[in-house]
Amino acid sequence: MARRALILVENLSVPFDRRVWQESLALRDAGWEVIVICPQGTKRDTEPYAEIDGIKIHRYPLDAATGGPVGYVKEYGNALRHTLRLAKKVGPVDVVHACNPPDILYVVANRLKKQYGSRFVFDQHDLVPELYLSRFNRGKDLLYRGVVRAEKATYDAADVVIATNESYRQAAITRGGKRPDQVFVVRSAPVVERFHMVPADESIKKGKPYLLCYLGVMGPQDGVDYALRALAKLRDEVGRTDWHAAFVGAGDTFEQMQELARELGLADMVTFTGRIPDEDLLRYLSTADVCLSPDPLNPLNDVSTMNKIMEYMAMSRPIVSFELREARVSAGDAALYAPANDESAFAKLTSYLLDNPEERRRMGEIGRARVSGPLSWEVSKANLVAAYEKAVEGLRLRVPAQRGSGAGVAAPAGPVAAQPAHGLVQDHHAQVGGGVDGAHAAAAHQAYQAAQSQSGFPTGPLEGGQLPIPPAHPDPSVEVRRDGPGRFDQ
């Protein structure tokens with residue numbers, strides 16, 4: 001008999017949110033019945049209810065925030081109201097899995113824990129205190145203190161925390177007060193089969209020999225302005241005009257970035273595509289010679305995994321990035337790293353790669369091997385299932401009530417004795433269990449722990465926005481070494 005998981009997400013619609021969709025499918029394959037509550041999209045995922053590939057998706061209408069932090073307070077309040085309404089409609093579940101931002105969905109989790117004895121898995125996509133500091137530049141004001149309290153309440157309510165990388169895991173352990181065996185790293189990773197080379201489209205280059213490509217969200221903290229200023233320096237300081245740049249994606253600053261490109265005299269050298277279908281995305285990345293990851297150093301970016309880096313590597317593209325802790329963890333030698341926020345160095349590294357096709361090829365192969373191996377979604381899937389095993393350890397299995405059409409469970413039913421463990425789920429890299437007995441959960445967690453690297457972080461309580469990150473290496477000038485330019489590893 002399948003256990004039931006309810007996934008809550010406010011940031012994006014599903015299945016457009018690729019991480020949440022991958023998690024949903026992985027849990028389905030591990031024997032779970034999966035229900036999702038999320039907002040409706042504006043151009044896709046617009047139906048109030050859909051069942052796709054066995055995943056039941058309840059969506060609610062939501063207007064995106066405007067007007068700064070106060071607008072987000074209104075947006076999140078409406079999202080919470082709709083999520084509570086739909087969770088009541090879904091009925092009893094074994095696990096409620098809440099994805100942030102925002103850090104207020106613990107309210108729903110606490111209600112379901114009280115009503116049905118559900119376990120709470122907190123899927124921490126962002127460190128929201130750091131996000132607040134990096135996005136709004138308001139300092140540690142009253143709203144910031146509220147954000148810190150909401151994060152702490154979420155940690156306190158969580159039975160298990162899923163972190164996207166080791167830096168986030170250490171935040172959950174240190175300032176969140178979770179035990180190490182309660183925190184699992186489930187990295188966001190592309191399904192490499194989705195990313196494959198297609199014939200290059202020379203028309204995208206607008207008559208130039210080279211194409212530079214940016215892929216991702218365009219928000220205040222995403223560094224598109226740094227990329228544009230670096231491109232202006234590539235033209236003015238390095239003296240290169242033999243390239244065209246494509247910026248793929250959209251976000252809060254999309255129009256501002258278009259205006260900045262005009263101010264910098266780049267209007268005829270840069271194309272802003274907006275969001276595009278997957279087949280067009282593959283065409284752009286297959287044509288690109290160098291991919292750009294210009295996220296600047298700030299409290300959030302330094303400890304966050306950038307999806308764009310993972311997707312560039314899946315397409316065997318070389319990368320130029322600023323020196324960020326988790327960017328280096330993700331990309332390794334698949335990227336060259338400019339000193340943090342140094343636009344001139346970023347331009348010079350880009351020029352170096354344009355002049356060295358063999359280096360581009362070598363870096364692309366390294367990146368593809370990383371996302372196909374140690375950073376693959378297959379590895380993360382095993383960790384996700386282990387996290388769920390830990391969450392339901394000792395939890396009695398529930399008998400689902402009669403379901404209505406698209407309405408979830410009509411009424412709760414009493415618990416029954418725990419059933420034998422489900423059969424094992426076999427993937428390409430590891431065999432992970434689908435049972436719920438304590439011994440199996442412990443074994444799954446031991447296997448997970450064995451895969452984690454030693455981080456060297458100090459312990460102790462921390463305030464939001466103050467992760468115990470070791471100081472950055474000094475920023476030497478960009479040097480050309482035997483294996484290419486970049487900063488020396490310590």
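What follows goes from the ground rules to strands, a helix, a loop histidine and the aromatic rings.

## Ground rules

This is a predicted model, so local features need pLDDT of at least 70 and side-chain atom pairs count only at pLDDT 80 or more, while totals for chains, interfaces and linings use all residues. Residues are numbered from 1 along each chain as its sequence is written, and side-chain values use heavy atoms, with hydrogens and water left out.

Let's start with strand β10, residues 243–248. Helices here are DSSP runs of H or I with at least four residues, strands are runs of E with at least two, and both are numbered from the N terminus. Six of the six residues in β10 are buried, so the strand is largely enclosed by the rest of the structure. Buried means under 20% relative accessible area, exposed means over 50%, and partly exposed is in between (1.4 Å probe, protein chains only). Trp243, Ala245 and Phe247 point one way from β10, while His244, Ala246 and Val248 point the other way.

Strands count as paired if DSSP finds at least two bridges between them. Strand β9 (residues 210–215) runs parallel to β10, with six bridges joining them; tyrosine 210 has tryptophan 243 as its bridge partner. To get from β9 to β10, the chain passes through helix α7 (residues 224–236) in a right-handed β-α-β crossover. Right-handed means that, with the strands pointing away from the viewer, the path from the first strand over the helix to the second runs clockwise. β10 also pairs in the parallel sense with strand β11 (residues 270–274), over four bridges, and phenylalanine 247 stands opposite phenylalanine 272. Together, β10, helix α8 (residues 254–263) and β11 make a right-handed β-α-β unit.

## A covered helix

Now look at helix α6, residues 166–174: nine of its nine residues are buried. Among them are Glu166, Arg169 and Gln170. Asparagine 165 caps the N-terminal end of α6, with a side-chain oxygen 3.0 Å from the backbone nitrogen of serine 167.

## Histidine 125 in its loop

Histidine 125 is in the loop between β6 (119–124) and α4 (128–136). Is this histidine buried or exposed? Its relative accessibility is 16%, so histidine 125 counts as buried. Leaving aside neighbours within four places in sequence, its contacts (heavy atoms within 4.5 Å) are Arg19, Val20, Cys99, Asn100, Thr164 and Tyr168. The C-alpha atoms of histidine 125 and cysteine 99 are 6.5 Å apart, although the two residues are 26 residues apart along the chain.

## Rings and charges

Rings of Phe, Tyr and Trp (its six-membered ring) pair if their centres lie within 6.5 Å; planes under 30 degrees apart are stacked, over 60 edge-to-face, and the rest tilted. How many aromatic pairs does that rule give? The count is 12. In one of them, phenylalanine 120 and phenylalanine 122 have ring centres 6.5 Å apart and planes at 40°, so the pair is tilted. Phenylalanine 322 and phenylalanine 346 have centres 4.9 Å apart and planes at 50°, so that pair is tilted too. Phenylalanine 322 lies in strand β13 (residues 319–322) and phenylalanine 346 in helix α12 (residues 343–354), so this pair ties together parts 24 residues apart in sequence. Ring pairs also link Tyr72, Tyr76, Tyr132, Phe136 and Tyr144 into a cluster.

A charge sits over a ring if NZ of Lys or CZ of Arg is within 6 Å of the ring centre and within 35 degrees of the ring normal. Arginine 229 has its charged end over the ring of tyrosine 226, 4.8 Å from the centre, and arginine 328 does likewise with tyrosine 337, at 4.1 Å.

Definitions and conventions
Polar contact = N/O pair within 3.5 Å; in protein donor to acceptor, adjacent residues only side chain to side chain.
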